[in-house]
Amino acid sequence: MHEITGLQKVVGDVFEANWRETPVVHVGIGIDMAPSERFRQDYARKHDVPVSAMNIIQKAVAQAARDHPMMAAMFAEGGRNRLIVPNPDAIAVQGPVMVDGSAFPLLIRKASAKSLAEIAAEMQAEVARVRSGGVDEKDSLATFKIMSQTPNIGISNIGMIAPVNFFSAMSILPAVAHFFVAAAIETPIVDSNGIIRSTPMANFCLAFDHRALSAGPVAAYLGHFKNLMEKPEFLG
């Protein structure tokens, strides 16, 4: 017999309470991950700091939202008719981080104003804190509560765990948007010179609440995000 407790129960309860009533829409986009991987390796060498693929995603998600801050909005308490929209310099990103087979919530405040190195260092510090035993269930639940009070964009990257090619659910209310990231899988494409080649493509699915967002602005945001991921030299 396995008892469902802690963070799993909290997230499950949020989904159960809102799944039927939430007008969630899913929009997907394919990203060529080769440019960001080359950039990640070069950046790590030049700055002498370890940077993960997830850190690149976190930075691109937040930076793209500077021009589309509604993507990081959250519903105000007491209803679904008002939104709290963050300042472009205060875009936060959040999502589960896998450490030794267990998921822990991570919130990076003001990610849109932080450098890639700062985001990477913050995530590494939290992972180290988890591994040292400095984070228990009570801490995880407290972080999850803070997430529910902070306008943010969520990111769940199951593609770092298994070679799945599609993954989606819904945003965790009161947030209005959440990215679900699949694995980068070698895929044949035709490049700008008409040459067929193989490149690691990852499917990114953005789930958004249609009460807060419509397809046009979401598509514009996704285009901006894709441009940053495939031309990461423009990441601030």
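Colleague: Which residues of α2 are buried?

Modeller: Ala34, Pro35, Ser36, Phe39 and Tyr43 are the buried ones in α2. Keep in mind that this is a predicted model.

Colleague: How do you know that the span of α2 is close to the expected one?

Modeller: α2 runs over residues 34-47, which makes 14 residues. From first C-alpha to last, α2 reaches 20 Å. The expected value, at 1.5 Å a residue, is 20 Å. After α2 comes Asp48, with a positive phi near 50°.

Colleague: Why is Thr199 called buried?

Modeller: Buried means under 20% relative accessible area. Thr199 has 1%, so Thr199 counts as buried. Its place is in strand β8.

Colleague: What makes the link between Thr199 and Asp32 a polar contact?

Modeller: The cut-off for the N or O pair is 3.5 Å. The side chains of Thr199 and Asp32 are joined at 2.6 Å. Beyond its neighbours within four places in sequence, Thr199 is also in contact with Ala34, Ile185, Glu186, Thr187 and Ile189.

Colleague: Why is Thr22 called buried?

Modeller: The limit is again under 20%. Thr22 has a relative accessible area of 8%, so Thr22 is buried. Thr22 is found in the loop between α1 and β1. Leaving aside neighbours within four places in sequence, the contacts of Thr22 are Met170, Leu173, Asp209 and Arg211.

Colleague: Which residues have the most contacts inside the largest nonpolar core?

Modeller: Val61, Phe179, Phe204, Tyr221, Phe225 and Met229 do, in a core of 54 residues. α3 gives the most to this core, with eight residues. A second, separate core has seven residues, including Leu7, Leu107, Met147 and Ile172.

Colleague: What is Phe225 in contact with, leaving aside its neighbours within four places in sequence?

Modeller: Phe225 is in contact with Ile31, Ile57, Ala60, Val61, Ala64, Phe179 and Phe204.

Colleague: How do you know where empty space is left?

Modeller: A probe the size of a water molecule is rolled over the atoms, and this shows where empty space is left. Here the largest pocket holds about 1100 Å³. Its lining has 44 residues, and Pro96, Val97, Met98, Ala103 and Phe104 are the closest to its centre.

Colleague: Which elements each supply at least two residues of that lining?

Modeller: Among them are α1 (6-18), β4 (92-99), β5 (102-108), α5 (137-147) and β7 (177-190).

Definitions and conventions: Residues are numbered from 1 along each chain as its sequence is written. This is a predicted model: local features need pLDDT of at least 70, side-chain atom pairs count only at pLDDT 80 or more; totals for chains, interfaces and linings use all residues. Side-chain values use heavy atoms; hydrogens and water are left out. Helices (H or I, at least four residues) and strands (E, at least two) are DSSP runs, numbered from the N terminus. The expected span of a helix is 1.5 Å times one less than its number of residues. Buried means under 20% relative accessible area, exposed over 50%, partly exposed in between (1.4 Å probe, protein chains only). A nonpolar core is a set of buried Ala, Val, Leu, Ile, Met, Phe, Trp, Tyr and Cys residues joined through side-chain atoms within 4.5 Å. Contact means heavy atoms within 4.5 Å. A polar contact is a pair of N or O atoms within 3.5 Å; within protein, one must be able to donate a hydrogen and the other to accept it, and residues adjacent in sequence count only if both atoms are side-chain atoms. On a 1 Å grid over the protein atoms alone, a cavity is a set of points where a 1.4 Å probe fits but cannot get out, and a pocket is an open set with protein on both sides within 12 Å along at least five of seven lines; lining residues have an atom within 4 Å of a point. Grid points are joined across faces, edges and corners, and a volume is the space filled by probe spheres set on the points.
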